[in-house]
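Here is a short briefing for anyone opening this structure for the first time. Have a look at the model, then read on.

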There are 2 protein chains.
Amino acid sequence: METPSPSLVLDRETKASERPGDHKDELRLWLRLLTCSTLIETEIRNRLREEFKTTLPRFDLMAQLEKSTTGMTVGEVSQRLMVSNGNVTAVVAGLLADGLVDKRAAAQDRRVQVLTLTAQGRKAFKAMAERHEGWIAELFAGLDPTETTQLFRLLGRTKTSLHAAIAQRANGDKA
Amino acid sequence: METPSPSLVLDRETKASERPGDHKDELRLWLRLLTCSTLIETEIRNRLREEFKTTLPRFDLMAQLEKSTTGMTVGEVSQRLMVSNGNVTAVVAGLLADGLVDKRAAAQDRRVQVLTLTAQGRKAFKAMAERHEGWIAELFAGLDPTETTQLFRLLGRTKTSLHAAIAQRANGDKA
DNA sequence: TAAAATTATTTCAGACCTAAAATAATTTCA
DNA sequence: TGAAATTATTTTAGGTCTGAAATAATTTTA
């Protein structure tokens, strides 16, 4: 390998603030974040299909219901999972057909549909969740505890930044 | 806020290695990573639709083609974007219909379909890419350069860990 | 109270995505 | 050479996901 020329080194060390209008660093950061996310998602999807003949959206929906003792409405689930109401309706339809979820209109407000896991659903979820937790641990096994903590913290900062930017944009549209 | 009890502090500082079988930290890390990824993806999707009446898969596909002067095959694109061949075929069908992409069998190997941007496609992409880069910068604006660099590095480490775990699993299946 | 506005969910049309099977072209090798 | 294996892409069937329109129930308000 050649020694890099001074200009190349300089270029690599140039800060974004010194290159007005250039945001290639952020772009690379986003692409790397997306790659990690996609790799994990694809792998979990494959393993859920192979070992449990189920899908990630179904698992995610069951995971939400499992956390709530009193059940959740369609709207609550769709907010938590960051998917549309229509999508929740469709995924729930499959889970209902398989007897894993129960759906009933709330007594007080009959617009609202309350979703709960059936006994069978809880049992099925328990088995999957245990395996799932192990898979995630395997996937992150190459990071030491310090790195895991650091990454968690930085992603927290990222989340804050994203919420701020998205809220600002939403306000701007209103004005 | 109450002062946390000693046991709570101890618990919070307990390392995963000291809690055999527990991998809640990695699970939380994955959920946070997924949240960030989903927030960005949804926001970019919305902005592409509002400002350019296009979709993220189309943009991503065009971005790949734009990087290559000689064109790319369906297989190359599907590998880069980490989607199935069939999906590339479908998204390309839309871009072909809109005159943004050109598809032709390679002269040497007629199994291979070579995809290139048309002049119109290059022009349309250029406009979108400029805006896109700005959006990403906005979304990450809450991180300072040190944090951006740190996060990029840690996601690199994560990618390595993921590839290792996925490869190991693939080998295990073979044996 | 009755019309209007709001809220929760479902339906719809359409794009996306996958795995697996089918098709088509090329390469290997007996 | 020509059958078999390999490689590249498309097709198919089915699940996922969206935004927008439709439906249905509740709350507001005139």
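Of the atoms of DNA strand D within 4 Å of the protein, sugar or phosphate supplies 75%, and bases make up the rest. The model is predicted: local features need pLDDT of at least 70, side-chain atom pairs count only at pLDDT 80 or more, and totals for chains, interfaces and linings use all residues. Residues are numbered from 1 along each chain as its sequence is written, chains are lettered from A and ligands numbered from 1 in the order in which they are written, and side-chain values use heavy atoms, with hydrogens and water left out.

**Around DNA strand D**

- There are 22 residues around DNA strand D, and A:Thr55, A:Ser84, B:Gly75, B:Thr89 and B:Lys103 come nearest; a residue is near a molecule or strand if one of its heavy atoms lies within 4 Å of it.
- By class, five of the residues in this surface near DNA strand D are nonpolar, 11 are polar and six are charged. Here Ala, Val, Leu, Ile, Met, Phe, Trp, Tyr, Cys and Pro count as nonpolar, Asp, Glu, Lys and Arg as charged, and the others, Gly among them, as polar.
- Helices (H or I, at least four residues) and strands (E, at least two) are DSSP runs, numbered from the N terminus.
- H5(B) provides the largest share of the surface near DNA strand D, with three residues.
- A backbone N or O atom of A:Ser84 is 2.5 Å from a phosphate oxygen of DNA strand D.

**Around DNA strand C**

- DNA strand C has 23 residues around it, and the nearest are A:Gly75, A:Thr89, A:Lys103, B:Thr55 and B:Ser84. Of the atoms of DNA strand C that come within 4 Å of the protein, 76% belong to sugar and phosphate.
- The surface near DNA strand C holds five nonpolar, 12 polar and six charged residues.
- Which polar side-chain atom lies 2.5 Å from a phosphate oxygen of DNA strand C? This atom belongs to A:Lys103.
- A polar side-chain atom of B:Asn87 lies 3.1 Å from a phosphate oxygen of DNA strand C, and one of A:Asn46 lies 3.5 Å from a phosphate oxygen of DNA strand C.
- Elements from both chains give two or more residues to this surface near DNA strand C: helix H2 (24–52), helix H4 (74–81) and helix H5 (85–97) of chain A, and helix H5 (85–97) of chain B.
- H5(A) gives three residues, the largest share of the surface near DNA strand C.

**The sheet of chain A**

- Chain A has an open sheet of three strands in the order E1-E3-E2, with antiparallel pairing. Strand E1 (72–73) and strand E2 (101–105) of chain A are at the edges with a single partner strand each, so one side of each has no neighbour in the sheet.
- Two bridges pair E1(A) with strand E3 (residues 113–117) of chain A in the antiparallel sense; two strands pair if DSSP finds at least two bridges between them.
- A:Thr73 has A:Val114 as its bridge partner in E3(A).
- E2(A) and E3(A) run antiparallel and are joined by five bridges, and A:Val101 stands opposite A:Leu117 in E3(A).
- H5(A) lies across E2 and E3 of chain A and runs at about 120 degrees to E2(A). Axes are lines fitted to C-alpha atoms, for helices over the stretch in contact (heavy atoms within 4.5 Å), and angles run from 0 to 180 degrees between N-to-C directions.

**The sheet of chain B**

- Chain B also has three strands in an open sheet, in the order E1-E3-E2, and the pairing is antiparallel.
- E1(B) and strand E3 (residues 113–117) of chain B pair in the antiparallel sense over two bridges, and B:Leu115 in E3(B) is the bridge partner of B:Met72.
- H5(B) packs on the sheet and touches E2 and E3 of chain B, its direction making about 120 degrees with that of E2(B).

Definitions and conventions:
Polar contact = N/O pair within 3.5 Å; in protein donor to acceptor, adjacent residues only side chain to side chain.
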